[in-house]
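Please examine the sequence and the three-dimensional structure shown below. The paragraphs that follow begin with a pair of strands and then turn to a helix.

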Amino acid sequence: MGFIRKLFALILAVAMAALGVLFALQNAEPVPLDVLFMILPPHSLALWVLGALALGGILGLLLSSIAVLRLRARLMAARRQMANSQVELDRLRVTGLATRE
C-alpha cells in the first residue's frame, strides 16, 4: 500500500512539473509587475505566476504549522492535566478503601 502511494505521489509530482514547464514555455513574454508602490522589472509571465504560487504555498505552510504547533501545545497540556487527574483519582480511591476498613 505504501509503495502504491509513493508511486502515485511521484507520478503526480512529475505531471505537475511537466505542466509547469509547458506553462512556462507558453507564457515567456516579459511583463513588468506593478505593485502598489513600485514597478518591478519585466520578467516572463510564467515566472511571476509560478513565483506567486510558490510564495502562497510557503506562506500557507508557515501559517498552518503555527496552528498545528498551538494545537499540539494544547494537547500536551490536556494530557498533563489528565495524568494529574488520574493520579489524584487513584489516590482518592486508595484513601477511600483505607477508611472503609
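Pro30 stands opposite Ser44 in strand E2. The model is a predicted one, in which local features need pLDDT of at least 70 and side-chain atom pairs count only at pLDDT 80 or more, while totals for chains, interfaces and linings use all residues. Residues are numbered from 1 along each chain as its sequence is written, and side-chain values use heavy atoms, with hydrogens and water left out.

Strand E2 covers residues 38-44, and it pairs with E1 in the antiparallel sense over 5 bridges. Helices (H or I, at least four residues) and strands (E, at least two) are DSSP runs numbered from the N terminus, and two strands pair if DSSP finds at least two bridges between them. A hairpin of 2 residues links E1 to E2.

Val31 belongs to strand E1, which spans residues 30-35. Its relative accessible area is 27%, so Val31 is partly exposed; this class lies between buried (under 20%) and exposed (over 50%), using a 1.4 Å probe and protein chains only. Beyond its neighbours within four places in sequence, Val31 is in contact with Pro41, Pro42, His43, Leu45 and Trp48, where contact means heavy atoms within 4.5 Å.

How many salt bridges does a search of the whole structure find? The search finds 1, a salt bridge being a side-chain nitrogen of Lys or Arg within 4 Å of a carboxyl oxygen of Asp or Glu. Arg93 forms a salt bridge with Asp90, and their closest N and O atoms are 3.8 Å apart. Because these residues, Arg93 and Asp90, are 3 residues apart in helix H2 (residues 45-100), about one helical turn separates them. Asp90 is partly exposed, at 34% relative accessibility.
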